[in-house]
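Biologist: I would like to learn how to read aromatic pairs and helices in a model. Could you take me through them step by step?

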Amino acid sequence: MREPWVVGVSGASGTPYAAAVVRALLDAGAAVDLIVSRAARLTVLDETGRPFRDGHWADDLAAWLGRDLTDADVRHWPAGDLAAGPSSGSYRVRGMVVVPASTAACAGIAIGLSKDLLQRAAEVNLKERRPVVLVPRETPVTRSHLEHLIALHDAGAVVLPASPGFYGAGASASAAQLVDFVAGKVLDALGVPHTLFRRWSGELAADRSRSGPAGPGVDRT
């Protein structure tokens, strides 16, 4: 039986994080159900110059991820479709990631607003006690945002801010390496194997001269 990870993309800046997570899940052989909110479509267009359209989602997603998705197990659900599979707890999924998670999305999920499919799917996964990871990217944060994040934590979600570490590639890390670090932490929270960053080994000033697919300092062997 197909059991995908649901990936919700909300309207916060940080769509490269979403792309990196989707690519890594597909690389791990996982199925993905994708929900892109209305606001996120504007952000994707602004940050990549590419549209994301319901009627052309497969082509738009392939262009966004920069890869051929012919053999990928990926399905798209329009954010306005509240009758979609992920809106029900009886629809089998492994869990959900909201990346990036806007303050509005976090608030809506925390109070059970279910204003669109992304919020509804996240609420469903929380009530079904499945893994839910939210990646807020706002800074600085207000008291209300912190309260919503605490409510999400108390409901069982993993709150994973987009805060990359530099020990994998050093202070000269590229933007792609920092994005991969956050994506790797998301996959760690889901229990999905990956080689997106070099893990801390307990050795200070470890050799960062090795190169991987994402650039110098990333060990993906």
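This is a predicted model: local features need pLDDT of at least 70, side-chain atom pairs count only at pLDDT 80 or more; totals for chains, interfaces and linings use all residues.

Biologist: How is a pair of aromatic rings described?

Modeller: A pair of aromatic rings is described by the distance of the centres and the angle of the planes. In this structure the count comes to 5 aromatic pairs. In one of them, the ring centres of Tyr-167 and Phe-181 are 5.5 Å apart and the planes stand at 80°, so the pair is edge-to-face, because planes over 60 degrees apart are counted that way.

Biologist: Which parts does this pair of Tyr-167 and Phe-181 tie together?

Modeller: Tyr-167 is in the loop between S6 and H7, while Phe-181 is in helix H7, so the pair ties together parts that are 14 residues apart in sequence.

Biologist: Are Tyr-167 and Phe-181 buried or exposed?

Modeller: Buried means under 20% relative accessible area, and partly exposed lies between that and 50%. Tyr-167, at 33%, is therefore partly exposed, whereas Phe-181, with 6%, is buried. Phe-181 also forms an aromatic pair with Phe-197, and this pair is tilted, with 4.7 Å from centre to centre and 35° between the planes. Phe-197 sits in the loop between H7 and strand S7 (211-212), 16 residues from Phe-181 in helix H7, and the pair links distant parts of the chain. Both Phe-181 and Phe-197 are buried.

Biologist: Which residues form one aromatic cluster?

Modeller: The cluster is formed by Tyr-167, Phe-181, Phe-197 and Trp-200.

Biologist: Now for the helix: what span should helix H1 have?

Modeller: The expected span is 1.5 Å times one less than the number of residues. Helix H1 (residues 15-27) has 13 residues and should therefore span 18 Å, and its end C-alpha atoms are 18 Å apart, which agrees. After H1 comes Gly-29, which has a positive phi near 80°.

Biologist: How many residues of H1 are buried, and what do they pack against?

Modeller: Of the 13 residues of H1, 10 are buried, so the helix is largely enclosed by the rest of the structure. Among them are Tyr-17, Val-21, Val-22, Leu-25 and Leu-26. The buried residues of H1 pack against strands S1 (5-9), S2 (32-36) and S4 (95-101), and also against helices H2 (38-48), H3 (57-65) and H7. Helix H7 is also where Phe-181 is found.

Key:
Residues are numbered from 1 along each chain as its sequence is written. Side-chain values use heavy atoms; hydrogens and water are left out. Rings of Phe, Tyr and Trp (its six-membered ring) pair if their centres lie within 6.5 Å; planes under 30 degrees apart count as stacked, over 60 as edge-to-face and the rest as tilted. Helices (H or I, at least four residues) and strands (E, at least two) are DSSP runs, numbered from the N terminus. Buried means under 20% relative accessible area, exposed over 50%, partly exposed in between (1.4 Å probe, protein chains only). Contact means heavy atoms within 4.5 Å.
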